[in-house]
Amino acid sequence: MATKHMQQVASAGGSPRHAELRQSRQSKHVSGQLIIRFKTSAVKQVAASPLAATATARMAAQAMPDEVAGPLELLRNQAGLSAVKPLFVTDTPTQAPQSGVMALAAIHGALARSSTRAPRKSLTGFQLVDVKDKDVTSAMLKRLRASKAVDLVEPVPNRWLSAADPMVNRQWGLRAIRWFDGKHPDAAKLHVAVLDSGIDDGHSDLKKSIEAYHHDGNTARDFLGHGTHVAGTIAALINNSIGIAGVANCRLHCWKIFDDPKAGSTDQNFNFEFYSRALASALDSEIKVINLSIGGTEHSRAEAAVFGELADAGVVVAAAMGNEFEEGNPKEFPAGYAGPLAVGAIDETDRRASFSCTGAHIGLVAPGVNILSTVPRIKASFADTTDYDSWPGTSMATPHVAGCAVLVYGNTAKSKAAADAVVKRLTSTARKLPAMKKKKFTREYGAGLLDLAAALGNKKASGKSKTGKAGKAKKKTKKKANKK
Amino acid sequence: MSVQFKFSEKISDERRLEIIEALRRAGFSAHSLFPGQKRPKLASIFTVADAGAKNVKTLETMLARFGADIEYVEASPARSPKS
């Protein structure tokens, strides 16, 4: 599996997703220019008849072989030929062409120089021709190509600076969930809530994705950096030539549910009241998905009640399974309530991350080790560096699912049926991993690995699960688990 | 830490106010956990902010006096980031 990921690293930049993003920006050709290659024999013949500086137009015309003069005449009369410049010639002409009548002499000079000054024989005869773009027709190109002295006629291919996010190839998680495979729906008007430690709302890879930031009673600063990391995985700006790419170009509603640290304290200061308000705010708003990369072992009836209402209101909630597998593997909440889609973590070898909690309530798994994302520009307590950092955790797996959930939800009207369908789609198309030993559901991996391409119905889907069954299986086991 | 309690959805607004007033007299300020909510299940959940662990017991004992009018009393759960 590691080998597969390596192959994907190499091919990521040439993926359909990259191509789609590139093509949306520029036209394929430079307007008003053509590349024409005259045959070596033709330009040699031109070079063999040098023109004196004082040559007249008639002398220039006489020095031009007929098979060369023909296509030039065609370009002049039908395409508004305005300049001919030799390609691949590095030295400058000894004398500048004079105006008016000398235009033909200038063309003569350009052709001659492409014969005598090209650095290689294979590069002789190439000309860059300036024309009026609207006059270049396919019929005219056909006639030019048919000319005896012409080897090649083609439009000038366009090139542009890459806008791709420079760190995107380090985001193995995106490859693992097949984010690069196929087109994604536009999520610019879709809303996701992130209830966490806050966000660095001035981060250049995030600030344009933030619809709202609620930090009532606290400073805006994300002291832990956790919320900034989670937010980056969901919605870091795509193709902005900066840092990483988020899963979806959606709108973020960030809630800082951990109070600012008190002097001398390392407590995380979870604010249950503000958290409750944040959850309730999604009920009657445009928010379709909530990311909860948090957890704890205490069950709360008040908290469970709001998750019940969120499910009825059509909000998909992605919640972290927890990282305490090696500390007794407790059932954690809110992932353990009926309603949230519980997310476990896998590593780069498609194995469960050693810390990732297991249980009957798990929905599916997503990449959660060595996940590169945004961190605050000012050093945060969870971060080793500023701006970008790689972290492990089911917290890091969960936003992959939240981002995919909103893409799958799309513009469908918010309803319980629609949200249930999104969860079912994500679980039923999850990729069965070798460690699942052909089972449809396991306590370690749930329905399998999140597969965005399969969930969106893109071709070459690798999901081997039969639609619907994994989702149903998950729902059944979760109901069972919650009865306990 | 805060303490949450839920009124029975069957009781009247007057009865709610009566219980909230009783709490106030005992030094506890209770307010809705989901202000402005119309959904009965959420609108009936109230919170007493900044109640220490000691106060949880006190509130439990006190609210127990109102019998079935109070469905449950619980301390706010701890939650932490999972990275």
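Begin by selecting A:Asn239, which sits in the loop between H9 and strand S7 (251–256) of chain A; helices (H or I, at least four residues) and strands (E, at least two) are DSSP runs, numbered from the N terminus. This is a predicted model, in which local features need pLDDT of at least 70 and side-chain atom pairs count only at pLDDT 80 or more, while totals for chains, interfaces and linings use all residues. Residues are numbered from 1 along each chain as its sequence is written, and chains are lettered from A and ligands numbered from 1 in the order in which they are written.

At A:Asn239, look at the backbone: phi is near 55 degrees, a positive value in a residue other than glycine. Is A:Asn239 buried, exposed or partly exposed? A:Asn239 is partly exposed, because 18 other C-beta atoms lie within 10 Å; a residue is buried if 20 or more other C-beta atoms lie within 10 Å of its own, exposed if 12 or fewer, and partly exposed in between, with C-beta atoms placed from the backbone.

Next select A:Arg178, in the loop between helix H8 (172–176) and strand S5 (191–196) of chain A, where phi is again positive in a residue other than glycine, near 55 degrees. A:Arg178 has 25 C-beta neighbours inside 10 Å and therefore counts as buried.

Now move to strand S10 (316–320) of chain A, where five of five residues are buried.

Follow the chain into the loop between S10 and strand S11 (341–346) of chain A, where A:Pro334 lies. The peptide bond that joins A:Phe333 and A:Pro334 is cis, with omega about 15 degrees.

Then display both chains and colour the contacts: 34 residues of chain A are in contact with 22 residues of chain B, two residues being in contact if their C-beta atoms, placed from the backbone, lie within 7 Å. On the chain A side, the elements that give two or more residues are helix H9 (226–235), helix H10 (272–281), strand S9 (294–295), helix H11 (301–313) and helix H12 (394–409). H11(A) provides the largest share of that side, six residues. By class, the side of chain A that touches chain B has 14 nonpolar, 14 polar and six charged residues.

Zoom in on S9(A), which pairs with strand S5 (residues 80–81) of chain B in the antiparallel sense over two bridges. Which residue of S5(B) is the bridge partner of A:Ile294? The partner is B:Pro81.

Chain B has a mean of 93, and 96% of its residues reach 70 or more. Within chain B, confidence is lowest in helix H3 (residues 53–64), at a mean of 87, and highest in helix H2 (residues 40–43), at 97. For the complex, the predictor gives an ipTM of 0.94 and a pTM of 0.75.

Notes: Ala, Val, Leu, Ile, Met, Phe, Trp, Tyr, Cys and Pro count as nonpolar, Asp, Glu, Lys and Arg as charged, and the others, Gly among them, as polar. Two strands pair if DSSP finds at least two bridges between them. pLDDT is the predictor's confidence in each residue, from 0 to 100.
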